Amino acid sequence: MTCLHLLLTLVFAVSLGTPVEIQRPRGVPLTKKQFYEEGKPFTCLDGSRTIPFDRVNDDYCDCKDGSDEPGTAACPNGSFHCTNAGYRPMFIPSSRINDGICDCCDTTDEYNSGAKCENTCKELGRKEREVLQKMAEITKEGFLLKQQLIEEAKKGREEKQGKVTDMQENKKQLEEKVEALRTVKEAAEQPEKEAKERHLKAWEEQKAAIRLEKDKAKMAEAFLELDDNSDGFVSVSELQSHAELDPDADGTLTETEVQGLMGGAAQVDTSTFESVWTNIKDKYHSESQPEEPAPVETPPDEVKEPAVDNDSEPYPEDDISEEDDEDEDDKDDYHEDDDKAPPTVKTPEKSHEDEEAMPPYDPDTQALIEAAQKARDDFEDSEKALRVMDDQIRNIEKELSFDFGPDAEFTYMYSQCYELSTSEYIYRLCPFNRVSQKPKYGGSETNLGIWGSWSGPENNKYLVMKYEHGTGCWQGPNRSTTVKLTCGKETVVTSTSEPSRCEYLMEFTTPAVCQEPANTEPSPHGHEEL
Amino acid sequence: MAVISIERMGLLSVVCVSLFFSSTFAVDRGNFKTCDQSAFCKRQRALKPGQSPYRALLETLELSDSRLTLQLINDNNKVHLLLELYRLQGNMTRVKINELKPLKPRFEVPDVLIAEPPTEPLSVLSKDDNGVVLSLGAENQRLIVSARPFRLDIMEGPEVLLSLNSRGLLAFEHLRLHKDTQAQADGAEVKESVDGDQQQDEGKKDEDGESEKEEDGLWEETFKSHTDTKPNGPTSISLDFSLPGVEHVYGIPEHADDLKLKTTDGGDPYRLYNLDVFQYELYNPMALYGSIPVMLAHNTQRTMGIFWLNAAETWVDISSNTAGKTVFGKMLDFVQGSSEKPQTDVRWISESGIIDVFIMLGPKPSKVFSQYASLTGTQSFPPLASLGYHQCRWNYNDQEDVKSVDQGFDQHDIPYDFIWLDIEHADGKRYFTWDPHKFPQPKEMLQGLMDKRRKMVSIVDPHIRVDSGYKIHNEITSKDFYVKNKDGKNYEGWCWPGNSGYPDFTKPEMRAWWASMFAYDQYEGSMENLFTWNDMNEPSVFNGPEVTMHKDALHGKWEHRDIHNIYGLYVQMATAEGQIQRSGGVERPFVLTRAFFAGSQRYGAVWTGDNAAEWDHLKISIPMCLSLGLVGVSFCGADVGGFFKNPSTELLVRWYQTGAYQPFFRAHAHLDTTRREPWLFGPENTALIREVIRQRYALLPYWYQLFYQAHKTGMPVMRPLWVDYPKDTATFTIDDEFLIGSDLLVHPVTEEGSRGVTAYLPGAEEVWYDVHTFQKHNGAQNLYIPVTLSSIPVFQRGGSIIPRKDRVRRSSTCMENDPYTLYVALSPKKFAEGELYIDDGHSFNYDTKKEFIHRSLTFANNALTSSNLCPDCNFLTSSWIEKVLILGASKPSKVLLKMDGKETPVDFEFDTSMSVLTLRKPGMNAGADWTLLLQ
C-alpha cells in the first residue's frame with residue numbers, strides 16, 4: 001500500500017506508430033476512461049454510490065461492483081485491464097494483481113509484488129502472428145481442400161443418386177423378370193406336382209396291398225401261436241395268456257376283458273379270428289420274437305435351418321434392422337419352396353425295413369420334374385440378383401442418409417478409418433461408424449463407441465462427433481468417445497485421452513471444418529481502444 | 001484407495017480377486033473378524049466379572065520417590081505379575097502391569113511417548129492388610145490399592161473417579177512353553193489356558209481340561225484360508241475400568257460411528273486393528289485404517305482420559321448401567337431419588353504386549369488435551385498452504401491433465417494449493433519413480449505449478465514392488481530391511497504393484513534410509529513443492545489375513561502381532577523426516593497418512609480413507625474427525641465428494657460446504673468415477689463451490705492460528721461442542737455440528753433436499769452472529785435456520801475476534817502479503833478478544849528463530865487494542881489491517897487510531913439494521929502495537 005500510484009502513464013503504439021500518452025487510473029480500459037475523471041467524485045459503475053476521486057485505486061474496496069479499484073486487488077469481484085501493447089489486451093480478475101505471478105505480458109499486473117516479470121508482449125505478439133499466419137495458411141489451404149471435398153461430395157452424391165435411380169430402374173425390370181419367372185416356375189410345377197402325386201398314389205396303393213398281405217400272414221401266424229392246443233380254435237384262456245392285450249392296462253387281463261376282445265365268443269376259428277385280430281394286432285406281441293424297439297423319431301424341426309442361413313447371408317450385419325419387412329417376405333418365399341422340394345426330405349413316417357423304397361419316377365414324370373427344377377433355379381437366380389441389387393441400393397441410400405455436413409464436406413470420411421498410435425494403444429477412428437482401441441502388444445480390440453451424433457455447440461454442431469455405447473466398463477458406464485474436429489490440411493487423429501474413466505476424447509483435424517478466411521488480409525489484433 | 005478394477009488386476013491372484021468381487025456396495029464383513037473369530041477376544045470376553053483371581057502381595061511393595069512397585073499373584077496358577085505405579089506431572093497416573101519373570105521379554109511400545117514422562121513423588125498415606133492408600137500429590141487425590149482381589153481406585157475427596165479391575169476382568173496370559181516342548185522344560189511351571197478363567201470353579205480338572213482348551217486357538221488359529229502359527233501361544237491381556245458418574249465416553253478412533261461411544265453389550269466390542277476395509281459400512285464398531293487407543297470420559301464435573309498404550313489388536317467393551325434406560329426411566333429415577341449412580345464400565349483387551357495405561361485426570365477438557373499432548377506430542381504445525389484446498393483424483397492421467405486441471409481452476413477463478421497424484425503416476429507402481437510416458441518431465445510440471453505458487457503431492461506407499469530392476473527394492477534387499485515371514489525369509493504379499501515386499505519401518509536404520517530417499521537427488525523429478533501421501537500403510541496386503549500382514553511375520557525379534565497398529569505411524573514418521581531432511585531441516589513437512597496410531601499427530605494429516613459418495617458418509621465425516629481431534633489428531637478430513645461412486649450435484653456441493661469447514665480439505669475420487677472438478681456441474685454449482693472454497697481461504701488466518709494453538713497446547717482445532725461447554729449436557733451427544741476453535745460454530749447441511757436445519761447454539765451467556773448476515777442470536781437455544789443450496793450455517797461467537805484475509809487469490813501463497821480484516825463480534829458485555837498469528841507459513845523458523853508475530857487483540861471499553869504476545873519474537877510482515885468490522889456495536893461519533901503516540905481519525909460506516917460498524921482502512925501494519933478508540 002505504500003507505493004500505490006493513483007494514475008499511470010500508459011505508452012503504447014497506435015497504428016501510425018507514433019507513441020501517444022493517455023492518462024487514466026491503473027487497470028481501466030480506454031473504453032471506460034470517461035468514468036474516471038480526475039478530481040471529480042467517482043460514481044461506482046453500478047451507480048450504487050459516489051466517492052471522492054482519491055478513493056479510486058486507494059487499495060480499499062468501496063464499490064460493491066469493484067469499479068473503484070480497477071488497479072488493486074482490494075475488491076473481490078474487480079477486474080484489471082492490461083493493455084499488453086504489441087499483443088492482445090485483456091482483463092484479469094483483480095485478485096491477480098500483485099499476487100507474485102506474471103499474468104499480463106506487459107507486466108502491469110505486478111507493480112508491487114516483487115515478482116520479476118519481463119515484458120513478453122512483443123514476443124507473444126510475434127508468435128501469435130506467426131501462429132495466426134500459419135493458421136490462416138492452413139485455413140486457406142484447408143478451405144480450398146474443403147471446396148474440393150464439397151465438390152467431390154456433390155459429384156459423388158449426384159453419381160450415387162444417379163446410380164440409385166438407374167438401379168431402381170433395373171430393379172423394376174428385375175422385379176418383372178422375377179415375376180415372369182415365378183409364373184414360369186409355377187406353370188412348370190403344376191404338372192410336376194400332378195405327376196408326382198400320381199406316382200405317389202400308385203405307390204401308396206401298392207404299399208397298402210403289400211401291407212394287407214403282410215397283416216394276413218401275421219394274423220395266421222398269430223392264430224397258430226395262440227392256438228396252443230392246435231385245435232383250430234383260439235379260446236378265451238389261450239388269449240388270456242397275452243397280458244399285453246389288457247385293454248385298461250391295469251396289469252391283469254381278465255376273462256371278461258378277453259371276452260370283450262373276442263366279441264363275446266368263447267372261441268374263434270381262423271375266419272372269425274379276423275375281427276379279433278383287428279382288436280389285438282396293435283398290442284399283440286409275438287411269442288417267438290423279441291419286442292420290437294420303438295422306431296426312433298427324427299424331430300421334425302431344424303429341417304429348414306440351412307435355408308434361413310442362406311437367406312441372411314448377403315446382408316451386412318449392421319443393416320438388418322431397417323429391412324425386416326422385406327426380409328420376412330423373402331424368407332416366406334424360400335420356405336414355401338423348401339416344402340415343395342423333391343422327396344429328399346426325411347419324413348418322420350415310420351419306415352419298416354420290409355417296406356420297399358418308392359420306385360423311381362417314370363421317365364415322363366422325371367422330365368416334368370427336371371423342367372420344374374430348371375424353372376425354380378432360374379426364378380431363384382433372378383430373385384437373388386434382385387436382392388443383391390436391393391442391398392446395393394440400400395447401402396447407397398444409407399450413405400446418402402448420413403448428415404455429412406451442410407455441404408456434405410464430411411462425405412469423404414465415410415468408410416475410411418484413421419489411426420493414432422500411442423505408447424500403449426492403437427486408436428482407430430472410423431467416422432460415422434465406430435471408435436476402437438487395440439493394445440499395441442497383443443490383446444483384443446475394445447469398442448470405444450459407435451457413431452451417435454454431431455454434438456458440437458449450437459452455432460456449429462459439426463465441430464464435435466459423439467460415439468456412444470461402446471464396451472461396458474467394470475463398475476462404470478459404457479465407453480464413449482468425443483471427437484473434436486479442428487481445421488487442418490490433413491485428416492488425422494492428433495491426440496487421444498481418457499479425461500474421465502471410459503470417456504475418451506479425440507482430437508481430429510480435417511479440412512472439412514476449415515472456415516472461409518476473411519476476405520481482407522488478417523490483421524490479428526486491432527486494438528480495441530483504437 | 002482400496003479398490004481396483006478387475007480389468008487392471010491381471011497380476012493379482014485369484015484369492016485377491018475374490019476379495020474384491022463383492023459387487024454390492026458394502027463391506028464384505030466376512031473378510032474381517034468378529035470378536036468370536038478372534039481367539040483371544042473370544043477367550044477374554046468369556047470371562048465373567050467378579051471372579052478375579054488376582055491378589056496384591058502388599059509385602060512386596062517398594063516405593064521410590066516416583067515409582068511404586070508391587071507384585072500381583074494369580075491364585076489360580078501362581079504366576080506373579082509386577083505392578084508399577086507412577087504419578088506423572090500434570091495430574092496423570094500411569095499403571096503398568098507385566099509378568100514378573102516372563103519367559104522372554106514382552107513387547108513395550110516404543111516411539112509413541114515423546115519422552116519418559118516426568119514423575120512426581122508418591123507417598124504412602126496408610127497401609128494395612130487389606131490395602132495401601134497413596135497420596136497423588138496436592139489435589140486431595142488418593143490412589144487406593146486393594147489387595148484381595150486386587151483393585152485400584154483413584155479418588156478425589158470422597159469421590160471415586162475411576163477404578164481398575166473393579167469388575168475383576170484383569171487377565172494376563174503369561175508366556176508359556178508349548179506342550180510339545182513341555183517335556184524338556186521346567187515341569188514345575190503351571191500352565192493353563194486363560195489366566196483368571198472361571199477355573200476357580202473347575203480348578204480340579206485343570207490338568208485334564210488342558211488338552212481341550214488347546215483347541216481354542218491358543219497355539220494356532222485359522223481365519224478363512226490363513227493360519228496364524230502363534231509360536232508364542234496365548235499372550236493376551238485385559239483390564240477393566242469403572243467410571244462412576246460417567247455416561248458419556250468418546251474417542252478410540254477410528255470407527256465409522258457416532259461421536260458418543262455406544263455400549264457394546266450384545267454386539268461386538270469396538271475394535272482397534274488397522275485395516276484396509278473395502279467400502280466400509282457406517283455405524284458399527286468394526287476396525288478401520290487407524291487406531292488411537294485413547295478414550296475420554298466426560299460429565300458436567302470432570303473430563304478424564306484413559307490411554308492404553310498397546311499396539312497389538314485391541315478390542316474395547318463398553319457397558320453402562322443407564323444405557324438401557326429411556327429418558328423417561330432416568331427421570332423416574334431422578335424423581336424417585338433412585339440411588340443408582342450412572343456408571344460406565346470399560347474393558348480393554350489386547351492380543352499381546354503389556355498393560356501400560358495412562359490415566360489422565362483432567363479435570364477440564366483442555367487439561368486432558370494437554371495431558372495427552374505431554375505424553376505423545378501435539379499436532380505438527382502444518383505449512384499454511386496445506387490448510388488450503390487440495391484437488392485429488394485417482395488419477396490425474398498425465399502432465400497434460402495436470403496442466404489443464406490447474407488451468408481450469410484459474411479459468412473458473414477457484415483457488416487451490418495442492419494437486420495430487422495417485423498410484424498411476426509411478427512407473428509400474430514403483431514409488432519414487434514416474435511413468436515415463438505419462439509424466440516424462442516431472443520437474444517441468446512441478447515448475448509450472450511453482451510458477452503459479454502451487455504445490456503437488458505424490459503418493460508413496462510402503463509396499464515395494466519385488467523387481468530386481470527397481471532401485472528401492474534392491475537397496476532394501478541388500479540392506480536386509482524387509483519384514484520377514486515366520487520362516488525368516490522376506491515377507492511378500494500382493495498389493496498394487498503385484499508381488500511386494502514391506503520395509504520394516506520399526507527399524508530406526510530403515511527409517512533413516514527411507515527418509516534419505518526423499519532427498520532431491522534420490523527422488524528424481526522431485527522438487528521442494530512436491531509433498532507426500534502415504535496410503536495402504538495399515539499395512540494393506542491384498543492376499544493377507546483380513547487384507548493385512550500375517551501376525552506371525554517378524555520385525556526383528558518382535559512379531560507383527562505386537563507392532564501391527566504402529567506400523568502406519570512409522571511410515572509417516574520416516575516420510576515426514578525425509579521431507580525435513582531434504583530441506584536441511586528448514587522446511588515443515590506435509591505428509592498425509594491413512595493408517596495411524598497414538599502419536600501420529602506429530603507427523604501430519606490423516607483422512608478417513610475410502611468413503612463413498614453417499615449422504616450418510618458426508619454425515620459421518622463429522623463424528624469421525626471430531627473423535628480424532630479429541631485424541632490429538634487435529635489435521636483430519638474426509639474425501640470431499642466421496643471416494644467410491646458418483647455424487648449427485650447436490651451432495652457434491654454440500655460436501656464442499658462441509659469440507660471447507662473441516663481441517664483437511666481435499667476432494668478425491670475413485671478411478672471408476674466420472675470427473676468431478678468443481679466446474680463440471682454447470683455455472684450455478686461452480687459458483688456455489690467457488691464461494692465456499694473462497695470462504696475457506698478467507699478464514700485461513702484463523703485456521704492457521706488454531707493449528708498453531710493445537711501445536712502448542714494440544715487443543716483440538718475441530719471440536720465437539722462439549723469441549724467448550726462442558727457443563728451443558730445438551731451438547732454431549734451433538735455430532736452434526738461442531739466448533740472450529742472456540743469461536744466458529746458450524747452446522748453443515750448434510751440432508752438431501754434440506755430446506756432447513758436446527759442448530760444448537762450453546763452457552764446461556766453467549767450470543768452468536770451469523771457470519772453471512774451478521775444477524776445476532778442468543779445462546780442456549782435450538783435455532784431453526786432455513787437453507788438454500790448456497791447456505792452453510794456458520795456462526796461467530798460473541799466475544800471473539802477473528803482475523804480474515806478477504807482478498808482471496810488463486811493460492812494461499814499468493815495471499816501472503818495481503819491485508820487482514822478483523823471481525824470483532826461483541827459479547828453482550830461489549831467485549832471481545834482474539835489472536836493473530838503470522839509467520840512465513842512454511843519453515844521451522846518460527847520455532848528455531850522465533851520468527852513469528854503473535855498478537856493479542858482485545859476489544860474492551862470501546863477500544864480495540866493489539867498487543868504483543870511474544871515481545872522477543874521477530875518477524876516482519878507487509879500485511880496490514882484494511883478493515884475492522886465490529887458486530888453488535890453502537891454508532892460512535894468518532895473513531896481514532898492511536899499508534900506511535902499519534903492519533904489519527906479513521907473513517908467508518910455504521911449499518912443500523914445489523915449494528916455493524918465498519919472501520920475503513922485503518923491501515924496499520926499487522927505486527928504493530930495500536931489501539932482503535934470508538935468515541
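The dialogue below walks through how to read several features of this predicted two-chain model.

User: Which conventions apply to the numbering, and which confidence limits are used?

Analyst: Residues are numbered from 1 along each chain as its sequence is written, and chains are lettered from A, with ligands numbered from 1, in the order in which they are written. Because this is a predicted model, local features need pLDDT of at least 70 and side-chain atom pairs count only at pLDDT 80 or more, while totals for chains, interfaces and linings use all residues; side-chain values use heavy atoms, with hydrogens and water left out.

User: Which residues of chain A does UniProt list as a coiled-coil region, and how far apart do the end C-alpha atoms of that span lie?

Analyst: UniProt positions are given here in the numbering of this model, with shortened feature names, and annotations may be inferred rather than shown by experiment. The unreviewed UniProt entry lists residues 150-220 of chain A as a coiled-coil region, and in the model that span is 100% helix and 0% strand, with its end C-alpha atoms 94 Å apart. The unreviewed entry also gives an annotation "domain: EF-hand" for residues 214-249 of chain A, a span that is 50% helix and 6% strand and whose end C-alpha atoms lie 27 Å apart. Helices (H or I, at least four residues) and strands (E, at least two) are DSSP runs numbered from the N terminus.

User: Why is strand β21 of chain B described as largely enclosed?

Analyst: In a regular strand the side chains alternate between the two faces of the sheet. Residues are called buried at under 20% relative accessible area, exposed at over 50% and partly exposed in between, using a 1.4 Å probe and protein chains only. In β21(B), residues 355-360, six of the six residues are buried, so the strand is largely enclosed by the rest of the structure. Ile355(B), Val357(B) and Ile359(B) point one way, Asp356(B), Phe358(B) and Met360(B) point the other way, and all are buried.

User: Which strands pair with β21(B)?

Analyst: Two strands pair if DSSP finds at least two bridges between them. Strand β4 of chain B, residues 92-99, runs antiparallel to β21(B) and is joined to it by six bridges, with Ile355(B) as the bridge partner of Ile97(B). Strand β18 of chain B, residues 303-308, also pairs with β21(B) in the antiparallel sense, over four bridges, and here Trp308(B) stands opposite Val357(B).

User: Are the residues of the salt bridge between Asp401(B) and Arg675(B) buried or exposed?

Analyst: The side chains of Asp401(B) and Arg675(B) meet at 2.8 Å, N to O. The pair links distant parts of the chain, 274 residues apart, with Asp401(B) in helix α8 (residues 399-411) and Arg675(B) in the loop between β35 (665-667) and α16 (682-698) of chain B. Asp401(B) is buried, with a relative accessible area of 9%, and Arg675(B) is buried at 12%.

User: How many residues does each chain bring to the contact between chain B and chain A?

Analyst: Contact means heavy atoms within 4.5 Å, and it takes 38 residues from chain B and 31 residues from chain A. Buried area is the accessible area (1.4 Å probe) that two parts lose on being put together, summed over both; between these chains it is about 2,900 Å², of which carbon and sulfur atoms give 40%. Arg809(B), Arg810(B) and Arg920(B) supply 22% of the area that chain B buries against chain A, more than any other three residues. Eight salt bridges cross the interface of chain B and chain A, and Arg55(A) and Asp907(B) meet in a salt bridge at 2.4 Å, N to O.

Terms used
Salt bridge = Lys/Arg side-chain N within 4 Å of Asp/Glu carboxyl O.
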